[in-house]
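Notebook open, model on screen.

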Amino acid sequence: MMLQQCAAGLGITALCPSPALPPPLLHGILESESGSRDPEPSKGVSIPHWTDGDQHLALTEKARAMVSWHNDTGSSHQGEQESSEAQQRSECVLGYVPVIYYSILLCVGVPVNILTLVALSRLAARTQKALYVYLLALTGADILSQLFIIFVGFLLETAVFHREVPQVLLRSVSMLEFAANHASIWATVPLTVDRYVALCHPLQHRQISYPARARRIIAAVLTLALASGVPFFWWSDVWRVSRPPGVLDSTLIWTHVTIIYILPCGIFLVLNSLIVVRLRRRQHQRRCQEESGQKASMGAGRLGKTTAMLLAVTSVFTVLWAPRSTVVLYHLYVASVYRDWRVHLAYDLSNMLAMLNTAVNFFLYCFVSKAFRSVVRDVLLLRGAPLHPQRPLHQRAASANASNSSLSSTAKRTHRDGAALSALSTEHIA
């Protein structure tokens, strides 16, 4: 009985047969239940003479068998319902592949993002630019998403605990997962706005873009992201809820899709389009200046490294999160994840792609920025980065010549101003 209870607690269907009855006793029980008080023994079967103790034992076993038959009958209907429900439930086609994938992603993503944090911190201290404050916030939000969504949500709850935890704890973790997810996505929005202002309104950018202001903006974004995760305390688990989505589920699904995809992708599309149009216009002006023989300004029409990094980050996000948003809406209106194994498979794959977005930014930074690669190399080699980067010898010589010429021009201007003042004083005295 203890083994049967343990098996039921683990969700395992165990067949524990009742104790075997002797054939004569079983024959007597069946005959007595059929209504014949003095059954005749069957041919070829010898019924032994039972003592009083044996008769008492037989009656006890008969009562146990009747109780067991009644319980088995009651549990059979429940077992039929559970079996029909299990047959209707969609199967996980991937098996242990998501667990292995998320384990690898966690083991790679967290150290890589920590390395990114250290490198960006050095660049922020060296340059004092608001850009690196936004990138630091984005990296920190990615780490929180990996810890709450991948480690706690997918690995601990699904693979280890098997939902055998209090419901309040599950809903609280779900709320933190959504808050970290929203923070990871919306930390890119101020970065996009900053790049747009820098390219399209450079004079205003010099006045409004500085680290202290960027930190205040990031604090506001994180606060709003945490507040936006509170309604998802009532989010239904699409893997294990067999009922169709209700009004609350529809509202939460549309809110989630709007926050994580529709609004940020709309902002990225508009601002990146304006940035590209501005760069093309500058490139056209530069081409016209070169054709007319005029000297073109340095960097006009060129795609800067920061702008290229921004376009890469937003484009990768748009591509990786599109399948999940589509599958969530498909689950809402067409077929359930719980019922259809194809939707279940699509949902697993789309989640795996979406979580990949939390670990790819490091490689994008390394591919685009030479300064970032240099700082990462210093961090890995445990070298302290200088406050100002070393420049080549010819650049230092040119800088020294420029400073010498500026000093000589300043001396000439001072001598000329002194001569003019002495002439004015002589005329005044005369």
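I count two rings of Phe, Tyr or Trp as a pair if their centres lie within 6.5 Å, taking the six-membered ring for Trp. This is a predicted model, so I keep that in mind throughout.

**Aromatic cluster.** With that cut-off I looked for linked rings, and Tyr261, Phe268, Phe317 and Trp321 come out joined into a cluster by ring pairs.

**Whole-structure search.** How many aromatic pairs does a search of the whole structure find? I got eleven. One I picked out is Phe178 with Trp235: the ring centres sit 5.0 Å apart and the planes meet at 55°, so I logged this pair as tilted. Phe178 belongs to helix 6 (residues 167-186), while Trp235 is in the loop between helix 9 (211-228) and helix 10 (247-291), so the pair ties together parts 57 residues apart in sequence. Are Phe178 and Trp235 buried or exposed? Both are buried.

Next I checked Phe233 and Trp234, which pair edge-to-face, with 5.2 Å from centre to centre and 75° between the planes. Trp234 has 47% relative accessibility, so I put it down as partly exposed.

**Positive phi.** Most residues other than glycine have a negative phi, so I went looking for exceptions. Gln128 has a positive phi, near 55°. I found Gln128 in the loop between helix 4 (97-127) and helix 5 (130-161), and at 52% relative accessibility it counts as exposed.

Leu382 also goes in the notebook, with a positive phi near 60°. Leu382 is in the loop between helix 14 (370-380) and helix 15 (393-429). Its relative accessibility is 78%, so I noted Leu382 as exposed.

Methods: Residues numbered from 1 in each chain as written. Predicted model: local features only at pLDDT ≥ 70, side-chain atom pairs only at ≥ 80, totals over all residues. Heavy atoms only, no water. Phe/Tyr/Trp six-rings, centres within 6.5 Å; stacked < 30°, edge-to-face > 60°. Helix = DSSP H or I, 4+ residues; strand = E, 2+ residues; numbered from the N terminus. Buried < 20%, exposed > 50% of the residue type's maximum accessible area, 1.4 Å probe, protein only.
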